[in-house]
Amino acid sequence: MSNAASIGIDIGSTSWKGCVVDSKGRVMASRIQESDPRIKEQTARLLAELMADTGASSQVPVIATGYGRKQVEATRQVTEITCHTKGCFHQTGKPGVLIDIGGQDTKVIHIGPKGSVLDFQMNDKCAAGTGRFLEVILQRLRIPLDQVGQHISSKGEGVKVSSTCTVFAESEVVSLVAQGARVEAIARGVLEALAARVSSLAGKVPEQLPLFMSGGVALNPAMVAILAEALGRPITVLDNPQLVGAHGAALSGGG
Amino acid sequence: MTRNEAISTHRNQRHGKVLACFPMQYPRELLTALNILAVEVWGPPDVTPTHEMARIQAYVCPIVRHSMEFLASKEASQLDGILFPHTCDSLQGLATVLTDFGPWDKPVFHFTHPKGPLDSPRRTFLRKEFQHLATQLEEWTGETLTLEKLRDAIALHNHLDSLRGTLLEPTGQTLGPLQYELLRRGEFQWPQTWLEEIQEALAGVSVDVSKEAKEGGPARLLVSGIVPEPQGIFEALRQAGAIPVADDYAAIGRRICHVENLPDDPFDALMARYEALPPCPTRGASVDRRIGWLLERARSAKAEAVLLHNITFCEPEMFDLPHIRRELAAQGLPVLYMETELGGELSGQLATRLEAFVEMVLDARRKG
């Protein structure tokens, strides 16, 4: 008899995340994989793997979140904002402000003392100031995303990158390279531009509230450090930051 | 009845002129009294962009940009003239560009309404504006405006507004796409025909008598903004588990002004109806009065949250919004602000924001 209580899947623009939880909300198995545009096929395959890993039956509820949530058959569809909040509160058990920089959008969520969403901000027009922005610009600088920490200059040495529009910023970076700016200084400038954008989205965060971070960009210590500088506060990166949304989705299975 | 059918019926059966009217405040009663069909131009949302739209900067509101395109199209040839109320700078700019450089050579009328509370000088000014427009339209149509005709038209519109108000908030009935479609039909429908359609709808409507938020029921929203476009917003709200229970859209609820006892003098009656309109930045209403109005609407409709839905670059509306958001939130009303273009679909990100907002409201209800 399996202990699987529910399954959460988070179909993001960059990666597919999924996990199975037991009745106490503990993760029994998980999968993270680059997103495939054939969403249904990828979901069916990875769900089958998760079910095989945990012995979960087809009766176990599946809660879908992420931009692809409506493309798959699921017991319920819940937005990323609610799921990230649930996942975060399950880990921390306290109110705070959660920053999730996803592939396509960035969210800043105020979490209340009961684990509810009190308010949220989200960019809704384009990929400016998102993970995709970072990916495209760093690719242009030939810096692997997971090694950016080793390729940025020190604080105060970054060049100013004014745009967080992915297209404009890419042109700006090309022009900075042409002017002979150091790649490391440009990389810091890019991270600082993204941090400024997120910081403006976050607005004035009450001092007593801790800051948390989830999403794939939270795996990048350089980005977290620069964002903390911009916000003037330390940021706690949640465990398995990429999985927080899927975990929250699974936790939503209980109603 | 479509807009084209309404125009054709007016020409063939009532033999009257057709006047394109820009948003949003103009004395429609005068037009009705002079047998002029008002066809309002809120865009329209579904124009095909050509070079005409490029005459206006991309950061100007889409109602203006789309209108430029529409007025240059073949479809606009059905219109006999245009009326520009003094709503905002962008529309005033359009009036200039259109006639000085653009593709419009038919009559253009202007109606300048005062901004701010109707004190004595503003009353005098407004009365003169009503009379000036009436004279111009009389000359244009060749019709004579008798006081009796004007009184009848005012009574008709006053009655219409009373029914529109009922359609917006009868005994707990909530707004859905059908009601909105009917409410917006008045943008081109002859008033008497529209009135009959609303009466018919009210007679046949099935009413949800619940006036309270209830467990398992949809989230109750006060919706405010300029014009409910794209119309997919209502379906997105329904799918997300929310319904509008009170309306302050400039194109809908913000134009309803039923006056119980109309003054006998028709120009005084026009002024009384103008004064009874809900507060709107396009008429220079103070933001505090507007906040008070929104709070009162939210409370009386038992709304749990507010959706402020602006169209991009609408300056009069944008100017007040930060203050409105802050004050409503301080009064414990969750507020979602979103901006859309006129046409097309609701983007996935906007739909997600709407859904997340509704989830937040319903979660707050569950947790008390």
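How many bridges join strand 1 of chain B to strand 3 of chain B, and do the two run parallel or antiparallel?

Modeller: Keep in mind that this is a predicted model. Three bridges join the two strands, and they run parallel. Strand 1 of chain B covers residues 17–21, and strand 3 of chain B covers residues 81–85. One facing position is B:C21, which stands opposite B:L83 in strand 3 of chain B.

Now take the sheet as a whole. It is open and has four strands, in the order 2-1-3-4, in chain B. The pairing is parallel. Strand 2 (36–40) and strand 4 (108–111) of chain B stand at the edges. Each has a single partner strand, so one side of each is left without a neighbour in the sheet. From one strand to the next, the twist averages 30°.

A helix packs against part of this sheet. Helix 1 of chain B, residues 3–14, lies across strand 1 and strand 2 of chain B. The helix runs at about 165° to strand 2 of chain B.

Beyond the sheet, chain B also meets chain A. The contact takes 13 residues from chain B and twelve residues from chain A. On the chain A side, helix 2 (80–92) and strand 8 (117–122) each supply at least two residues. Strand 8 of chain A gives the most to that side, with three residues.

Technical notes: Residues numbered from 1 in each chain as written. Chains lettered and ligands numbered in written order. Predicted model: local features only at pLDDT ≥ 70, side-chain atom pairs only at ≥ 80, totals over all residues. Pairing = 2+ DSSP bridges. Axes fitted to C-alpha atoms, helices over the stretch in contact; angles between N-to-C directions. Contact = placed C-beta atoms within 7 Å.
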